[in-house]
Amino acid sequence: MVKWKRDIGLEGRMLLTMFLLAAVYLFFLAFLWSSGAPPLFMLLFIALFMGIQYYYSDRLVLWSMNAKVVSEAESSNLHQTITRLCAIADLPKPKIAVVNTQVPNAFATGKSPSSAVVAVTTGLMDRLNQGELEAVLAHELSHVKNRDMTILTIASFISTIAFYFVRYSIYFGGYGGGNRRDSGGIIAVWLVSIAVWLVSFLLIRALSRYREFAADRGSAIITGTPSNLTSALLKISDVMPRIPNDDLRKVEGMNAFFIIPAVSGSMMNLLSTHPSVEKRIAALEKIQRELEL
Amino acid sequence: MGLIDVFNSLLGRGSLPEAKTDRLFAISTAVVTMELDLRLEPSSSAGICFKPMEMSKYETARDEIEGLLKYSTQETGTSFRLEKDEYNFLWVILKDEDFEDLVTNIHMVSQTLIEQGFGEQLLCAVYRFESKGPVYWIYNFKQDGYYPFVPLEGHKRDNSMEMRLKSLMENELPIEKNVEKWYPLWGMPF
């Protein structure tokens with residue numbers, strides 16, 4: 001019996017991020033409330049809009065990615081692999097879609113595990129072997145199991161409201177009924193909205209990265225072989241160096257001229273939704289050691 | 001890149017990196033973990049690969065290596081053979097049940113070549129292990145580090161297994177960090 005350790009650090013960081021996000025949102029709502037006239041109609045309008053978007057999210061995503069849902073007959077290997085992984089993860093089997101592009105990628109969407117869709121590109125299937133494909137699918141299924149789609153939609157709800165305030169507050173200049181509000185009030189709302197939007201944006205990005213780590217961990221637990229995901233990540237990443245296939249004796253003598261580009265910046269780290277592949281691989285290697293040593 | 005390297009490349013002084021053997025011995029302790037935790041069995045064979053040169057001084061060095069090998073392998077009960085591969089690289093292939101003796105002899109060959117001034121010609125040392133198939137640990141003298149090589153059928157390699165070995169052995173074996181330098185050696189002669 002393999003004992004899976006929980007990643008307390010990761011769970012702690014996730015909780016802290018969600019707590020900070022909630023604090024920012026509460027502050028924002030309290031501010032709107034105290035600033036006199038909460039533009040209730042606008043909140044309702046955005047809520048409705050996002051509700052619809054959320055409800056149709058799976059179809060929207062599939063449509064925008066040009067993904068085609070495939071039947072068991074069309075893609076039996078994908079179906080069988082996912083069926084087995086779902087049995088291990090105790091998940092209902094999602095719909096499976098394929099995107100016809102050479103860019104290697106995969107994604108999961110859907111409101112709940114029972115309405116989820118997992119999609120892969122043909123480029124991904126061409127490049128990865130069975131074990132690696134399994135690891136990537138298990139990563140996507142972990143997103144489904146962890147309900148990441150729902151959590152990130154909820155997390156970004158109020159941030160979206162703040163964003164609309166920033167963009168359109170000029171049109172709402174007269175809300176609250178004529179001369180009760182002066183232009184100073186509008187500017188204050190605008191400034192606070194910008195601040196709330198910026199801070200929540202960064203927090204949501206951080207949360208999204210933590211969910212990625214959690215999904216990587218989930219993939220390792222479902223497949224039992226973290227190294228398959230590591231090797232898949234190396235193969236599909238544009239920026240990661242690849243394990244070469246050219247014989248050492250052929251390239252001997254050229255080794256002296258290799259240049260290692262130094263591209264790394266903390267700004268990029270803050271803004272991206274995915275953690276860097278290096279960090280993900282380091283985390284997977286740690287899991288591998290916990291598992292075997 | 002250090003200042004001297006920049007200066008050298010400005011003057012077009014291209015040179016091969018020197019061979020380093022500082023971390024070669026690390027495998028003799030790491031082998032315990034490999035056997036016990038990873039269930040990688042040492043296959044009792046290892047090899048060292050270098051580029052022969054067309055010069056008399058080199059022939060002398062080669063003769064000396066053969067002489068030394070005959071002497072040292074007698075002591076340790078190791079058997080050895082020399083073999084040229086399709087790339088015209090020369091291999092010294094050693095066989096011994098005792099892993100420690102393999103490491104000692106590999107070190108002896110590399111040291112002799114370095115002392116004779118042929119360190120630059122040293123390519124790598126390779127230790128073979130058995131799992132489901134052959135698993136090789138390759139020591140690159142230029143990079144002073146090890147990396148795993150797990151060949152599959154038809155010039156493919158098992159990247160997952162290699163990454164797994166890296167994760168597990170990282171703390172015990174100096175492993176080349178840049179996977180771009182994990183060059184395979186196809187058609188291993190042992």
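This is a predicted model: local features need pLDDT of at least 70, side-chain atom pairs count only at pLDDT 80 or more; totals for chains, interfaces and linings use all residues.
Which residues are exposed on the other side of H4(A)? They are A:Ser76, A:Asn77, A:Gln80, A:Thr83 and A:Ala87.

Figure 1. Helix H4 of chain A comprises the 14 residues 76–89. At 1.5 Å a residue these should span 20 Å, and the end C-alpha atoms are 20 Å apart, in agreement with that expectation. A:Ile82, A:Leu85 and A:Cys86 are the buried residues of H4(A). Viewed down the axis of H4(A), the buried residues fall within an arc of 105° and therefore line one face of the helix. In an α-helix, residues three or four places apart point the same way because there are 3.6 residues a turn. Just after H4(A), A:Asp90 adopts a positive phi of about 55°.

Figure 2. Chain A contains 13 helices and four strands. Of its 293 residues, 31% are buried. Among the contacts in chain A with a separation of 6 or more, 76% link residues 24 or more positions apart. The contact between the chains takes 28 residues from chain A and 27 residues from chain B. On the side of chain A that touches chain B, helix H6 (130–145), helix H10 (226–236), helix H11 (248–251) and helix H13 (277–292) each supply at least two residues. H10(A) gives the largest share of that side, five residues. By class, the residues of this side of chain A are nine nonpolar, ten polar and nine charged.

**Figure 3. The largest nonpolar core and the surroundings of B:Val126.** The largest nonpolar core has 105 residues, and A:Val118, B:Cys124, B:Val126 and B:Ile138 are those with the most contacts inside it. Helix H9 of chain A (residues 183–223) contributes the largest share of this core, ten residues. In soluble globular proteins, nonpolar side chains tend to be buried together. Apart from neighbours within four places in sequence, B:Val126 is in contact with B:Ala46, B:Gly47, B:Cys49, B:Tyr136, B:Ile138, B:Leu185 and B:Met188. One of these contacts, B:Ala46, is also seen in the next view, where its bridge partner in S3(B) is B:Leu94.

**Figure 4. Strand S1 of chain B between its pairing partners S4 and S3.** Strand S1 (residues 41–50) and strand S4 (residues 122–130) of chain B run antiparallel and are joined by seven bridges. S1(B) is also antiparallel to S3(B), with six bridges joining the two. B:Glu130 itself belongs to strand S4 of chain B. It counts as partly exposed, with 13 C-beta neighbours inside 10 Å. Although B:Glu130 and B:Pro42 are 88 residues apart along the chain, their C-alpha atoms are separated by 6.3 Å. Leaving aside neighbours within four places in sequence, the contacts of B:Glu130 are B:Glu41, B:Ser43 and B:Val135.

**Figure 5. Helix H3 of chain B and the elements packed against its buried side.** Helix H3 of chain B (residues 56–76) has 21 residues and reaches 30 Å from its first C-alpha to its last, close to the 30 Å expected at 1.5 Å a residue. B:Ala61, B:Arg62, B:Ile65 and B:Leu69 are buried in H3(B). Seen down the axis of H3(B), the buried residues fall within an arc of 95°, so they line one face of the helix. These buried residues pack against S2, S3 and helix H4 (99–115) of chain B. The face turned away from the buried side carries exposed residues, among them B:Lys57, B:Glu59, B:Asp63, B:Lys70 and B:Glu75. B:Gly77 follows H3(B) and has a positive phi, near 70°.

**Figure 6. Two loop residues of chain B with positive phi.** B:Asn88 lies in the loop between strand S2 (79–84) and strand S3 (90–95) of chain B. Its phi is positive, about 65°, although B:Asn88 is not a glycine. B:Asn88 is exposed, with 9 other C-beta atoms within 10 Å. B:Asp144 is placed in the loop between strand S5 (134–140) and strand S6 (145–149) of chain B. B:Asp144, likewise a residue other than glycine, has a positive phi near 55°. With 17 C-beta neighbours inside 10 Å, B:Asp144 counts as partly exposed.

Note on methods. Residues are numbered from 1 along each chain as its sequence is written. Chains are lettered from A and ligands numbered from 1 in the order in which they are written. A nonpolar core is a set of buried Ala, Val, Leu, Ile, Met, Phe, Trp, Tyr and Cys residues joined through C-beta atoms within 7 Å. A residue is buried if 20 or more other C-beta atoms lie within 10 Å of its own, exposed if 12 or fewer, and partly exposed in between; C-beta atoms are placed from the backbone. Two residues are in contact if their C-beta atoms, placed from the backbone, lie within 7 Å. Ala, Val, Leu, Ile, Met, Phe, Trp, Tyr, Cys and Pro count as nonpolar, Asp, Glu, Lys and Arg as charged, and the others, Gly among them, as polar. The expected span of a helix is 1.5 Å times one less than its number of residues. The arc is that of the directions from the helix axis to the C-beta atoms. Two strands pair if DSSP finds at least two bridges between them.
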